[in-house]
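Q: I am new to this structure and would like to learn how its features are read. Could you take me through them one at a time?

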Amino acid sequence: MVPWARRRLGPGLALGATLAVLAALAVQFAAARFPIAEPTRADTVATATSTAVLLAALARLTLRGRPGLAAYPLLGALAGCILALPLHGTPLFLGGLTSDNQFRTQYVTRYAAEAGLADVTFDGLPPLYPPAWFWLTGRAAHLAGAEGWTAYKPAAITTVALGTALAYGLWSRIVTPRLALPLAVATLLSAFQAPAFGVHEPYAWIVAAPMPPLAVLAHRALAARRAPRAVLAGCGLYLGIAALTYTLLAAFWAFALTLMALTLLRRRGPRALLLRLSAVAAVALPLALIVWGPYLAAALPAGMPPNPALRYIPVQQTSFPLPMTEPSVTGALCLAGTVWLLARAHRDALARALLALVAACYLWCLLSQLAVLAGASLLSFRVHPVLFAALYASGVLAAAEALRWRRERVRPAAVAAVAAVLALSAVQTVPDALRHEFDTAYGPRPPAELIRTIARETGRPPQELTVLTDNWRLMSGAAYHGYLTAEPVYAHPLADFAGRTEEVRAWSRLTDPAAFTARLDHGPYDAPDVFVLRRASHAIPHTDEPPHAYAIDLGRDNYPHQPNRISLPTTLPAALFSARDFARRDVGPYTVFARKKGA
């Protein structure tokens with residue numbers, strides 16, 4: 001049996017996490033000065049070399065048996081090397097400004113411009129998407145005098161390192177430090193497991209990475225004869241922070257705790273378990289209400305409109321993740337972990353806790369599949385990183401137990417060397433597994449000339465302007481409010497995305513500029529201050545003759561079908577934008593129309 005829950009966290013975790021963060025930042029600083037410009041494979045060579053050295057150093061610490069604080073900066077540097085070196089020539093993170101990254105960088109840009117909690121897109125609405133990570137990143141960018149969108153990449157890489165460090169600190173509370181270190185490395189490697197790729201959402205990863213060891217501590221706290229108040233308070237603090245950072249994982253954590261309590265009913269009784277769960281909730285609720293209080297205050301009088309984010313079924317959600325069936329080293333690790341969980345759960349409290357967490361993941365996936373029948377989804381693919389982290393950890397624990405049985409015939413140094421080689425093999429698959437995301441990170445940046453043109457034509461800061469456009473990189477580059485969002489699933493429930501879309505389509509049927517400005521002034525929604533539209537057609541090519549119409553690509557929810565968004569190409573007649581009411585400026589294929597004061 002693995003000895004567990006015999007150590008205090010103390011101040012070591014906070015200090016260690018700080019060291020991991022500083023190491024990750026140092027690696028990024030060095031990577032940004034990588035002397036060879038893209039395109040190159042030299043960064044792949046540098047990544048392989050640096051990770052090999054770091055894994056060898058971690059193996060050496062494991063052999064010593066008492067890694068101490070030295071493990072933290074090595075773990076932080078390892079996370080930094082895997083990501084920062086391949087991205088050395090771009091200010092963008094994995095995926096660049098495509099897909100969900102547009103939304104994420106836009107959120108950081110929002111909080112770089114203003115400190116008050118606000119929706120990422122729509123003016124005057126409280127945030128729906130948990131803002132804590134984006135707020136901290138945006139505020140850090142503001143203090144550093146940097147553009148908000150440029151802060152996303154360093155914050156993302158640093159967060160991956162921080163999540164790994166927290167996992168190590170918590171595992172050190174449960175098992176021997178010698179075993180906690182390979183558990184932390186396994187946790188980091190699970191972030192790069194396809195198809196979950198926990199690294200895609202670093203602000204979710206910082207919640208997911210510590211969840212397996214926390215589940216072990218929580219299970220012990222629920223099962224204990226006397227309630228350990230500090231552990232219950234820690235579980236509540238984690239739940240509250242998760243609600244501020246990634247609400248879906250907060251809901252899943254509450255679900256997992258409830259499932260653990262149900263498995264312990266015969267042992268502790270409903271009253272004791274209910275009191276302990278209530279103690280967790282009492283700590284979490286005040287934190288959660290920081291964000292959810294304003295939202296509920298606005299949504300309850302409106303009848304709690306449904307959240308469009310729950311109307312999404314990506315390919316990852318159409319099947320159950322079974323990494324233990326893959327013919328690979330990581331597949332073998334997950335298979336060993338699965339066998340160990342099932343074989344040891346009846347007599348090992350640690351295995352029971354991890355098995356409960358794995359079972360909660362699969363049950364959440366099942367409930368999400370069933371929710372589709374009700375016209376919604378539990379977005380089960382977002383808990384896959386938790387599942388992989390738990391299975392990777394279980395695989396390491398299985399290997400540790402097997403080695404104890406064969407201790408007299410196995411040299412620890414040989415085991416550490418083999419483990420380091422296998423970990424390096426897993427790291428070296430990352431560039432291929434994430435090749436598209438790495439390549440896309442070198443793609444287009446926010447359109448600086450459009451941003452400068454809007455500033456010249458309006459004379460107002462971005463956060464005071466509402467913009468209608470389908471150039472979503474523009475919204476990542478400056479803190480404009482949007483009249484619409486890129487995807488229906490991004491839209492705030494109180495914004496009436498469908499109604500706004502139909503309003504724009506109604507404008508396209510107008511021909512009189514006076515009728516257009518009257519509708520803008522007296523319509524059901526706050527009108528755009530700026531239109532950034534694509535020129536659709538010219539009357540006379542190669543002249544300054546204005547086009548007959550301007551195009552914008554609108555969208556409509558297509559749930560539960562794929563693609564989840566139906567494109568609605570729309571054109572607004574050029575005649576609507578009279579020179580009396582709008583200042584006009586062409587920028588590349590786009591035209592900027594800014595409403596004049598008093599118009």
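A: Let us start with ring pairs: rings of Phe, Tyr and Trp (its six-membered ring) pair if their centres lie within 6.5 Å, and planes under 30 degrees apart count as stacked, over 60 as edge-to-face and the rest as tilted. Here, ring pairs link Phe93, Phe103, Tyr107, Tyr111, Tyr129, Trp133, Phe134, Tyr152, Tyr203, Tyr246 and Tyr490 into a cluster. This is a predicted model, in which local features need pLDDT of at least 70 and side-chain atom pairs count only at pLDDT 80 or more, while totals for chains, interfaces and linings use all residues. Residues are numbered from 1 along each chain as its sequence is written, and side-chain values use heavy atoms, with hydrogens and water left out.

Q: What does pLDDT average in the protein chain?

A: pLDDT is the predictor's confidence in each residue, from 0 to 100. The protein chain averages 90, and 94% of the residues score at least 70. Over residues 1-6, however, pLDDT stays under 50. Where pLDDT is low, the predicted coordinates should not be read in detail.

Q: How many aromatic pairs does a search of the whole structure find?

A: The search finds 35 aromatic pairs. One of them joins Phe93 and Tyr152 edge-to-face, at 5.9 Å centre to centre and with 65° between the planes. That pair links distant parts of the chain, since Phe93 is in the loop between α3 (71-84) and α4 whereas Tyr152 is in helix α6, 59 residues apart; helices (H or I, at least four residues) are DSSP runs, numbered from the N terminus.

Phe134 and Tyr203 form a tilted pair, 4.7 Å centre to centre with 55° between the planes. Phe134 belongs to helix α5 (residues 132-144) and Tyr203 to helix α8 (residues 202-208), so this pair ties together parts that are 69 residues apart in sequence.

Q: Are Phe134 and Tyr203 buried or exposed?

A: Buried means under 20% relative accessible area, exposed over 50%, and partly exposed in between (1.4 Å probe, protein chains only). Both Phe134 and Tyr203 are buried. Phe93, at 2% relative accessibility, counts as buried, and so does Tyr152, at 1%. In α6, 20 of the 23 residues are buried, so this helix is largely enclosed by the rest of the structure.

Q: Which ring does the charged end of Arg33 sit over?

A: A charge sits over a ring if NZ of Lys or CZ of Arg is within 6 Å of the ring centre and within 35 degrees of the ring normal. The charged end of Arg33 sits over the ring of Phe29, 3.7 Å from its centre, and Arg500 lies over the face of Tyr483, at 5.1 Å from the ring centre.

Technical notes:
Contact = heavy atoms within 4.5 Å. Helix = DSSP H or I, 4+ residues; strand = E, 2+ residues; numbered from the N terminus.
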